[in-house]
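Here is a friendly walk through one protein model, meant to be read with the structure open beside you. Shall we take a look?

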Amino acid sequence: MEQNRVTPFLLAVIALVAVGGVLKIAQSVVLPLVIAWLLSYVLAPVVDFLTRRKVPRPLTILFVLLLLFVVVYTGVLFLNARVSNFIEAVPRYQAKFTEISQKLDEVLESTYNPLSTVDWGEKVTFYLVRLSGSLVSILSRLVMVFIFLIFMLAGQPYFKLKVVRAFSSDRAEQLTGVITAITSQITRYMSALFLISLATGICIWAALSLIGVDFSITWGALAFFLNFIPTVGSIIASIPPILLSLVQFYPGLLPAVLTLLSVLTIQFVIGNGIAPK
């Protein structure tokens, strides 16, 4: 009896490990597939809208994918240019950071100061260079995403027909209704998430511009992209502008405090007030 209970558990563990191993090995294919699947819910309504206006579906798909490519390509070039500008400004921030570190040495006296043992300028430059290379590599990985999107968008009108042929009429009608409802809800969610992320990015850009924080549009774009990651994304997007304001406006603290309050207020109001509704 005990053996019968243990065996399914062990099989489940083995299956979980096997699935994890397969996903790890096939991540170069699985990740573009997941991204294409999510994008299809955002692009499908646009394709359907143009198709209802008597535009041939192949031309509609080509137009939507071309528009998506232009947006992504422009975004990658923009972020890459921002990263390059930030790398050029690192020495200036390094000088300010050295002042902060020396001030801490005076305050702490003989106490160990961890900031004085690390070359932050070199480390930041190293990671920014890696980030710049990663942004460029994104474009090469878009090919697989676009291939999946072509098949998904082109095969969408025939999905109901396939279900009808695969199942009985009652079962096919039930499945079609369920899948249509799920698709509609996911589309609404992705569209709402896009608008919420866009509003977050614009608000942070405007607030930081008024305060005078360097690279305010970069932090707005970062907030837009990372806002698609629940909870953790907004936290990660809030840290860089706050830290930068501390270094940029040193020895003044008021702009850094305003940056902290502005970013946290925007993230809290949108993330905990508007987004759940």
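Phe-215 counts as buried, at 16% relative accessibility (buried means under 20% relative accessible area, exposed over 50%, and partly exposed in between, with a 1.4 Å probe and protein chains only). Its place is the loop between helix H6 (169-211) and H7, and its phi is positive, about 60°, although it is not a glycine. As background, most residues other than glycine have a negative phi.

Before going further, a word on the model: it is predicted, local features need pLDDT of at least 70, side-chain atom pairs count only at pLDDT 80 or more, and totals for chains, interfaces and linings use all residues. Residues are numbered from 1 along each chain as its sequence is written, and side-chain values use heavy atoms, with hydrogens and water left out.

Is Lys-54 buried or exposed? With a relative accessible area of 75%, Lys-54 is exposed.

**The chain as a whole**

The protein chain has nine helices and zero strands; helices (H or I, at least four residues) and strands (E, at least two) are DSSP runs numbered from the N terminus. Of the 277 residues, 28% are buried. The accessible surface comes to about 18,100 Å², and 73% of it belongs to carbon and sulfur atoms; these areas come from the Shrake-Rupley method with a 1.4 Å probe, and for residues only the protein chains shown count as cover. Among contacts (heavy atoms within 4.5 Å) with a separation of 6 or more, 70% are between residues 24 or more positions apart.

Helix H7 (residues 216-226) is largely enclosed by the rest of the structure, because eight of its eleven residues are buried. Those buried residues are Ser-216, Thr-218, Trp-219, Gly-220, Ala-221, Ala-223, Phe-224 and Leu-226.

Trp-205 of helix H6 reaches this helix. Not counting residues up to four places away in sequence, Trp-205 touches Ser-216, Ile-217 and Gly-220. Trp-205 itself is partly exposed, with a relative accessible area of 39%.

**Two helix pairs**

Two packed helices are described by the angle between their axes and the distance between the axes. Here the axes are lines fitted to C-alpha atoms, for helices over the stretch in contact, and angles run from 0 to 180 degrees between N-to-C directions.

| Pair | Axis distance | Crossing angle |
|---|---|---|
| H7 and H8 (residues 232-248) | within 8 Å | roughly 165° |
| H6 and H9 | within 10 Å | roughly 165° |

The angle for H6 and H9 makes H6 roughly antiparallel to H9 (angles under 35 degrees count as roughly parallel, over 145 as roughly antiparallel, 65 to 115 as roughly perpendicular and the rest as oblique). H6 passes H9 in a right-handed crossing; a crossing is right-handed if the near helix is turned clockwise from the far one by less than a right angle, and left-handed if anticlockwise. On the H6 side, the contact includes Ile-196, Ala-199, Thr-200 and Cys-203, and on the H9 side it includes Ser-262, Val-263, Ile-266 and Gln-267. The residues of this contact divide into twelve nonpolar, four polar and no charged (Ala, Val, Leu, Ile, Met, Phe, Trp, Tyr, Cys and Pro count as nonpolar, Asp, Glu, Lys and Arg as charged, and the others, Gly among them, as polar).

In the other pair, H7 passes H8 in a right-handed crossing. Trp-219, Leu-222, Ala-223 and Leu-226 in H7 meet residues of H8 including Gly-233, Ser-234, Ile-236 and Ala-237.

Gln-267 lies in helix H9 (residues 254-274) and counts as buried, at 9% relative accessibility. Leaving aside neighbours within four places in sequence, which residues is Gln-267 in contact with? They are Thr-200, Ile-204, Ala-223, Asn-227, Ser-234, Ala-237, Ser-238 and Asn-272.

Ile-242, in helix H8, is buried at 16% relative accessibility. Leaving aside neighbours within four places in sequence, Ile-242 is in contact with Thr-259 and Leu-260. The C-alpha atoms of Ile-242 and Leu-260 are separated by 5.7 Å, and the two residues are 18 residues apart along the chain.
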